[in-house]
Amino acid sequence: MEQALSEAQDPFNDVLDDDPDEGNPRGNQDMYWSEKDRQVIGPCQGLTKAAAACLRKLTAAVKANGDSAVPHNVAQLDDLADISREISPSVDDLALCLYPPMDYSGVENNVSKLAALLKKFLEIIRCSHLCGESELTWVQFLEGAVDHNLQKAKVLIELDS
């Protein structure tokens with residue numbers, strides 16, 4: 001996504017070949033991002049980075065504080081494993097709807113779904129045996145990052161609508 005954004009015009013010029021029989025090579029503007037599209041992608045990338053950070057931080061917290069000695073802790077770890085498996089497909093769904101032509105309602109739907117999933121994920125961590133004082137700091141930070149990027153994406157999507 002970042003590489004495609006850095007391209008000045010056509011994000012797919014190395015993937016989609018021009019048809020030499022067509023008199024209008026690469027003339028389909030549905031294959032390009034508008035300036036608004038590019039702005040909307042920013043907070044979406046922020047959400048995907050927050051998702052990656054959530055998974056990295058969970059891994060570290062499990063290594064540092066994971067305790068499977070009591071059934072309650074095992075149940076918490078199971079809950080976190082279950083919700084963790086949902087994050088990557090949700091990130092994929094968001095990334096797929098960002099490519100041109102961008103469907104803003106699809107983007108908003110996937111942004112909302114991913115943000116809700118990450119909030120639930122962070123709440124489970126917050127209430128688990130994994131969350132000590134140092135973990136609470138990053139949980140709060142990531143909750144703020146999720147909220148910030150969700151609101152920013154929604155505002156940008158609603159502009160000019």
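Reader: Which residues does Val 111 touch, not counting residues up to four places away in sequence?

Author: Happy to start there. Contact means heavy atoms within 4.5 Å. By that rule Val 111 touches Cys 44, Leu 47, Leu 94, Leu 150 and Ala 153. Keep in mind that this is a predicted model, where local features need pLDDT of at least 70, side-chain atom pairs count only at pLDDT 80 or more, and totals for chains, interfaces and linings use all residues. Residues are numbered from 1 along each chain as its sequence is written, and side-chain values use heavy atoms, with hydrogens and water left out.

Reader: How do I read a nonpolar core, and which residues of the largest one touch the most other members?

Author: A nonpolar core is a set of buried Ala, Val, Leu, Ile, Met, Phe, Trp, Tyr and Cys residues joined through side-chain atoms within 4.5 Å. Buried means under 20% relative accessible area, exposed over 50%, and partly exposed in between (1.4 Å probe, protein chains only). Here the largest core has 38 residues, and Leu 94, Val 107, Val 111, Leu 118 and Phe 121 touch the most other members. At least two core residues come from each of helix H2 (35–65), helix H3 (71–97), helix H4 (104–126) and helix H5 (133–158), with H2 giving the most, 10 residues. Helices are DSSP runs (H or I, at least four residues), numbered from the N terminus.

Reader: Is Ser 84 buried or exposed?

Author: Ser 84 counts as buried because its relative accessible area is 18%. This serine sits in helix H3 and, leaving aside neighbours within four places in sequence, is in contact with Leu 55, Leu 58 and Phe 121.

Reader: What about charges: how many salt bridges are there?

Author: Side chains of opposite charge can pair when their charged atoms come close. The rule for a salt bridge is a side-chain nitrogen of Lys or Arg within 4 Å of a carboxyl oxygen of Asp or Glu. The whole structure has four. One of them joins Lys 119 and Asp 147 at 2.8 Å, N to O; this pair links distant parts of the chain, with Lys 119 in helix H4 and Asp 147 in helix H5, 28 residues apart.
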